[in-house]
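Subject: Structure handover

Hello,

I am passing this structure on to you. Please look through it first; my notes follow below.

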Amino acid sequence: MTTGTPLTYETLATLVEQCAGVALRPAELADPEAVFKDLGVDSLGTLGIVAELENRLGVQLGKDAEEAAAPGELLAIVNRRLAEEAGAPTGTPKGA
């Protein structure tokens, strides 16, 4: 994964296993009802995943990423941040 490459559930599953020690299938993370806590990933695990993403991508993801309760929420935050870094429209006007 590099800057400019969107985060996928496949990559997130790998990071969850590496950083939180929980082996999950990408489909489990993609479930709209999935919540990190219910999947066995605690807040420290989430912080580790976010820190690894920040290191790999060279961007600060912020408190919203650290507090993401669901894999889909984290994925959306990361990909929105990557789009901002790339200068792409994110759907939210600046100053809104």
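Along the sequence, the protein runs α-α-α-α-α-α, that is, six helices and zero strands. Helices (H or I, at least four residues) and strands (E, at least two) are DSSP runs, numbered from the N terminus. This is a predicted model, in which local features need pLDDT of at least 70 and side-chain atom pairs count only at pLDDT 80 or more, while totals for chains, interfaces and linings use all residues. Residues are numbered from 1 along each chain as its sequence is written, and side-chain values use heavy atoms, with hydrogens and water left out.

Overall figures

The protein has 96 residues, and 32% of them count as buried. Buried here is under 20% relative accessible area, exposed is over 50%, and partly exposed is in between (1.4 Å probe, protein chains only). The accessible surface comes to about 5600 Å², with 50% of that belonging to carbon and sulfur atoms. These areas come from the Shrake-Rupley method with a 1.4 Å probe; for residues, only the protein chains shown count as cover. Among contacts (heavy atoms within 4.5 Å) with a separation of 6 or more, 49% are between residues 24 or more positions apart.

The nonpolar core

A nonpolar core is a set of buried Ala, Val, Leu, Ile, Met, Phe, Trp, Tyr and Cys residues joined through side-chain atoms within 4.5 Å. The largest one in this protein has 25 residues, and those with the most contacts inside it are Val-16, Ile-49, Leu-53, Leu-74 and Val-78. At least two residues of this core come from each of helix 1, helix 3 (36-39), helix 4 (43-57) and helix 6. Helix 6 gives the largest share, five residues.

Leaving aside residues up to four places away in sequence, Ile-49 touches Leu-12, Leu-15, Val-16, Cys-19, Ala-20, Val-41 and Leu-74.

Ala-20 lies in helix 1 (residues 9-20). With the same exclusion of residues up to four places away, Ala-20 touches Leu-15, Val-41, Gly-45 and Ile-49. Ala-20 counts as partly exposed, at 26% relative accessibility. From Ala-20 to Gly-40 there are 20 residues in sequence and 8.8 Å in space, C-alpha to C-alpha.

Salt bridges

How many salt bridges does a search of the whole structure find? The search finds five. A salt bridge is a side-chain nitrogen of Lys or Arg within 4 Å of a carboxyl oxygen of Asp or Glu.

In helix 6 (residues 71-86), Glu-85 and Arg-81 are four residues apart, so about one helical turn separates them. Their side chains meet in a salt bridge at 2.9 Å, N to O. Glu-85 is partly exposed at 43% relative accessibility, and Arg-81 is partly exposed at 22%. Arg-81, Glu-84 and Glu-85 are linked in a network of salt bridges.

Another salt bridge joins Lys-63 and Glu-67, with the closest N and O atoms 3.6 Å apart. Lys-63 counts as exposed, at 55% relative accessibility.

Arg-25 and Glu-28 also form a salt bridge, and their closest N and O atoms are 3.8 Å apart. Arg-25 is exposed, with 55% relative accessibility, whereas Glu-28 is partly exposed, with a relative accessible area of 27%.

Regards
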